[in-house]
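Colleague: I've just opened this one and would like to go through it slowly with you. Could you put it up on the screen?

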Amino acid sequence: MRSFGTNEVWFILLSVRWTLLLSAAAFAGGAVGGLLVALMRTSRFAWLRWAAIGYIKLFQGTPLLMQLFLAFFVPGIFGINVDPWGAAAIGLSLHASAFLGEIWRGCIEVVPQGQWEASSALGLRYWRQMRHIVLPQAFRIAIPPTVGFLVQLIKATSLASIIGFVEITRAAQVINNATFQPFTIFGLVALTYFVICWPLSLYGRRMEQKLALATR
Amino acid sequence: MNYVFEFSQVFAAWDELLAGALRTLWLSAISMVLGLAVAVLGALAKANGPTWLRRIIDGYIEVIRNTPFLIQIFMVFFGLPAIGLRLEADEAALLAMVINVGAYGIEIIRAGVESIPKGQIEAGRALGLRPLQIFRLVVLKPALQAVYPSLTSQFILLMLNSSVCSAIAANELTAAANDIQARNFRSFEVYFVVTAIYFAMSVMFWGIFTWIERTFLARPASR
């Protein structure tokens with residue numbers, strides 16, 4: 001049996017870069033998809049709204065783990081092979097698109113109707129209204145819940161370990177299988193996630209309080 | 001696309017899927033009830049308890065909300081035996097789920113309790129209600145009404161998250177799916193069907209929660 005020493009600690013701590021990279025990829029993909037879902041969800045065309053609602057309900061009503069399994073196995077149906085990294089990045093991006101889409105829809109809807117009316121009286125069409133009038137105002141309100149979801153997403157990347165992607169949780173399991181020091185090893189991993197997520201949570205909460213004061 | 005779908009092998013294992021789904025429902029329902037108890041007691045202690053207790057509860061909430069559920073399960077199942085507490089996979093799954101949902105629940109209930117105007121409690125006292133009656137009727141019920149949507153979404157999320165318990169081979173739906181696909185290699189078909197079952201269970205819980213709200217939490221009709 002291997003002993004649990006400095007090398008093992010480093011192996012686990014260094015694999016945190018894959019957690020961060022996967023989080024970044026999923027957040028980037030989710031931001032693009034989420035904006036699309038939010039725009040569809042607030043569209044004037046009913047069929048676009050319904051498509052977005054269906055997408056959101058589907059992803060909010062099924063386990064993320066199943067979404068990752070399907071992201072892993074569905075491409076195989078079309079003869080495409082994906083590795084665990086690709087499946088995790090795609091699955092988490094689709095997942096994040098649904099949640100960010102729903103969060104951002106709320107932020108878009110909070111922008112007062114008068115802003116739409118005023119900007120269309122100024123002769124602006126939908127895209128320029130969105131870009132110059134509505135989204136900049138929605139953006140401010142969106143920061144706290146978006147940071148909150150980012151924390152969820154970083155934690156969610158741990159599930160990529162189950163489909164075999166070696167990020168920090170998987171690395172910890174590998175080391176644990178060789179050294180069998182579960183309390184220390186998973187404690188270390190929990191601490192690592194905490195060090196990443198806690199400051200974000202605090203930042204999100206502070207922004208929320210600031211916003212609440214500003215809009216009171 | 002030359003893939004041949006083979007769902008019959010999945011449906012042949014319907015008894016395993018049904019048993020798994022029932023285990024998931026059971027596990028979720030129990031942890032919702034226990035989690036709600038933890039949440040109410042925790043919120044109560046956080047509002048009225050001594051400072052040291054509040055600090056402990058704050059620490060518990062922050063630790064749970066900023067670490068992944070999967071790691072929490074591993075800590076309970078693999079970590080606790082190191083300090084002499086050995087649990088079966090199902091017990092560990094249940095404990096981890098209660099610990100997890102309790103932390104989110106405390107914050108939700110606290111927000112609900114804080115939304116109650118102080119005058120309402122004073123009015124209850126003026127009417128001669130006993131402290132327990134005040135807590136139950138004037139504080140807890142309106143608080144639950146106020147935060148019911150967030151509380152129930154958290155519960156549905158808990159049910160969906162229970163699939164992660166398959167990582168320690170607890171007896172539930174995802175573990176059943178893993179067993180079936182390990183036998184017949186119809187991975188896509190198995191997980192597709194199981195995803196649909198989870199979706200149906202979310203819809204079912206949503207229906208039950210709506211029914212509970214209408215039956216037990218309905219506000220008196222306002223003028």
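Colleague: In what order do the elements of chain B run from the N terminus on?

Modeller: From the N terminus on, the order in chain B is α-α-α-α-α-α-α-α-α, that is, nine helices and zero strands, where helices (H or I, at least four residues) and strands (E, at least two) are DSSP runs numbered from the N terminus. Please keep in mind that this is a predicted model, in which local features need pLDDT of at least 70 and side-chain atom pairs count only at pLDDT 80 or more, while totals for chains, interfaces and linings use all residues. Residues are numbered from 1 along each chain as its sequence is written, and chains are lettered from A and ligands numbered from 1 in the order in which they are written.

Colleague: What does the C-alpha trace of chain B span along its principal axes?

Modeller: The C-alpha trace of chain B spans about 75 × 50 × 30 Å along those axes.

Colleague: And how many residues of chain A are in contact with chain B?

Modeller: On the chain A side there are 29 residues, in contact with 31 residues of chain B, where a contact needs the C-beta atoms of two residues, placed from the backbone, to lie within 7 Å. Helix H4 (64-77), helix H7 (126-156) and helix H9 (182-214) of chain A each supply at least two residues of the side that touches chain B, and H9(A) gives the most, with 11 residues.

Colleague: Switching topic, which residues touch the most other members of the largest nonpolar core?

Modeller: Those are Leu68(A), Ile73(B) and Ala93(B), in a core of 113 residues, and helix H5 (residues 89-114) of chain B provides its largest share, 14 residues. A nonpolar core is a set of buried Ala, Val, Leu, Ile, Met, Phe, Trp, Tyr and Cys residues joined through C-beta atoms within 7 Å, and buried means that 20 or more other C-beta atoms, placed from the backbone, lie within 10 Å of the residue's own.

Colleague: Which residues does Ile73(B) touch?

Modeller: Leaving out residues up to four places away in sequence, Ile73(B) touches Ala92(B), Ala93(B), Ala96(B), Val164(B), Cys165(B), Ala167(B) and Ile168(B).

Colleague: Back to chain A, where does UniProt put the "transmembrane region"?

Modeller: The unreviewed UniProt entry places that annotation on residues 20-40, 52-78 and 183-203 of chain A, although such annotations may be inferred rather than shown by experiment. In the model, residues 20-40 of chain A are 100% helix, with end C-alpha atoms 29 Å apart, and residues 183-203 of chain A are also 100% helix, with end C-alpha atoms 30 Å apart.

How values were computed
Buried ≥ 20, exposed ≤ 12 C-beta atoms within 10 Å, placed from the backbone.
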